[in-house]
Amino acid sequence: MGTSQEGRELASQRDLAGEVEWALSKLGLEDFHRNALTTLAEVGAPADPVQLPPPAAAAALFDRLGLASRDIEEAVAARPDRRRQPALWWLLERCHHRLLQRMGRTGDLGPWPSLPEEVGPAGRYLYIWVLLATVPAVGRYHRERGISEETSWETMSALGAQVANHRALFGTGGLHTQEWMTVHFRGLLYALGRLYFERLPIWFDAAGSAGGRLLPQRGDWSLGVHIPQGRLTPEACEASFARARAFFPRHFPGEDYRYATCVSWILDPQLEEYLSPATNIVQFQRRFTLLPAGEASDNATVVEFVFRRPLAELDDLPRGTTLQRAIVDHIRAGRHWKFRTGWFEL
């Protein structure tokens with residue numbers, strides 16, 4: 001009996017390896033994506049077949065998700081087809097299933113590979129369709145938690161800004177931040193006014209205490225603060241923090257959120273060399289206690305965040321605001337912007 005079981009396991013492994021090899025070939029992916037596809041192959045297709053909405057219904061949903069008219073038109077035209085595009089459908093099914101499996105649960109999903117440009121619009125828009133297919137499940141999860149429909153749609157509509165960023169950076173429609181967007185579509189992140197908050201276990205230790213305060217420890221619950229583009233006034237931020245302090249105990253009563261954490265270029269104290277202490281950014285920074293900085297340069301990512309353009313275009317970037325001039329001049333001086341990690345007690 002043991003030998004028979006081992007034989008079945010070996011056959012299953014061979015089948016899985018063949019499935020991954022087929023997907024790599026058909027999707028035009030390099031071998032370094034093998035592990036990612038293996039994880040997705042192990043997930044398999046969901047028990048209930050994926051049902052994509054017809055074009056008109058999809059367009060209406062994309063509109064609610066914040067996509068611009070041009071992107072809606074292109075996304076609908078790039079709707080995956082199970083028969084004509086079996087490899088894309090294979091990927092769509094497994095990514096969708098992975099979201100369903102991890103709904104409400106923290107932790108990494110594993111990478112979702114960006115598809116080669118040769119795949120065309122169907123590849124650039126594929127993950128948008130994965131997220132669209134998951135909207136009903138997200139809505140159910142939110143309703144079970146008593147979360148309002150307004151908050152649900154406001155959270156998911158962040159997709160539109162990410163699609164707009166893709167067009168600004170690359171000149172085409174699509175989505176290149178698919179892994180980041182999964183947190184919006186599996187019950188981890190919520191839009192609460194000016195700021196977004198992610199249910200996030202702390203990943204660092206700040207051992208000891210300070211002035212009688214306990215410091216965050218690895219594994220404690222935190223609200224990861226994310227900052228959409230726009231003005232960061234102290235009043236709007238405080239209103240968001242007040243909403244978060246009420247929202248999470250109400251809808252996630254088993255999770256004790258004592259800390260806020262943030263990982264952002266906005267927390268880089270080098271900005272104080274260029275900005276007045278009265279500016280919104282500096283006042284936001286001063287809420288947080290910072291961890292030590294890393295060695296890596298984040299210049300390229302900061303330029304993308306601020307200008308929605310690549311670092312290669314540094315000499316052509318606008319200089320109309322103090323912040324824009326600060327970002328450019330700092331890099332031209334051979335210096336490096338950093339994404340910094342900070343925390344404070346809620």
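This is a predicted model: local features need pLDDT of at least 70, side-chain atom pairs count only at pLDDT 80 or more; totals for chains, interfaces and linings use all residues.

Guide: A helix here is a DSSP run of H or I with at least four residues, and a strand is a run of E with at least two.

Visitor: How do you know whether the radius of gyration of the chain agrees with that of a compact globule?

Guide: For 346 residues a compact globule would have a radius of gyration near 20 Å, and because the chain has 22 Å, the two agree. Taken along the principal axes, the C-alpha atoms fill a box of roughly 65 × 50 × 40 Å. Among contacts with a separation of 6 or more, 72% join residues 24 or more positions apart.

Visitor: What share of the chain is buried, and what part of its accessible surface belongs to carbon and sulfur atoms?

Guide: Buried residues make up 49% of the 346 residues, while the accessible surface comes to about 16700 Å², with 51% of it belonging to carbon and sulfur atoms. As for charge, the mean positions of the 39 positive and 41 negative charges are 4 Å apart.

Visitor: What makes a group of residues a nonpolar core?

Guide: The members must be buried residues of the nonpolar kinds, joined through side-chain atoms within 4.5 Å. The largest such core has 95 residues, and those with the most contacts inside it are Phe62, Leu65, Leu91, Phe248, Phe284 and Ile327. Helix α7, residues 126-144, gives the largest share of this core, with twelve residues. A second, separate core of seven residues includes Phe204, Leu215, Leu291 and Trp343. In soluble globular proteins, nonpolar side chains tend to be buried together.

Visitor: Which residues does Phe62 contact, leaving aside its neighbours within four places in sequence?

Guide: With those neighbours left aside, Phe62 is in contact with Leu67, Ile72, Ala75, Val76, Ile128, Trp129 and Leu132.

Visitor: Why is Ala137 called buried?

Guide: The cut-off is under 20% relative accessible area, and Ala137, at 11% relative accessibility, therefore counts as buried. Ala137 is placed in helix α7 and, not counting residues up to four places away in sequence, touches Leu100 and Met103. The C-alpha atoms of Ala137 and Arg186, which are 49 residues apart along the chain, are separated by 8.5 Å.

Visitor: How do you know on which side of the cut-off Thr151 and His251 fall?

Guide: Thr151 has 7% relative accessibility and so counts as buried; His251, at 7% relative accessibility, counts as buried too. Thr151 is found in helix α8, residues 149-156, and its contacts, apart from neighbours within four places in sequence, are Tyr190, Ala191, Leu192, Arg243 and Phe247. His251 lies in helix α11, residues 234-251, and touches Arg145, Gly146 and Ile147 when residues up to four places away in sequence are not counted.

Visitor: Is Arg308 buried or exposed, and what is its phi?

Guide: Because its relative accessibility is 16%, Arg308 counts as buried. Arg308 is found in the loop between α13 (299-307) and α14 (322-332), and has a positive phi of about 55 degrees although it is not a glycine.

Visitor: Why is Gly123 called buried?

Guide: Gly123, in helix α6 (residues 121-124), has 7% relative accessibility and therefore counts as buried. The C-alpha atoms of Gly123 and Ala60, 63 residues apart along the chain, are separated by 21 Å.

Definitions and conventions
Residues are numbered from 1 along each chain as its sequence is written. Side-chain values use heavy atoms; hydrogens and water are left out. Buried means under 20% relative accessible area, exposed over 50%, partly exposed in between (1.4 Å probe, protein chains only). Contact means heavy atoms within 4.5 Å. The radius of gyration is taken over C-alpha atoms; the globule rule is 2.2 Å times the number of residues to the power 0.38. Accessible areas come from the Shrake-Rupley method with a 1.4 Å probe; for residues, only the protein chains shown count as cover. Lys and Arg count as positive and Asp and Glu as negative; His and the chain ends are not counted. The place of a charge is taken as NZ of Lys, CZ of Arg, CG of Asp or CD of Glu.
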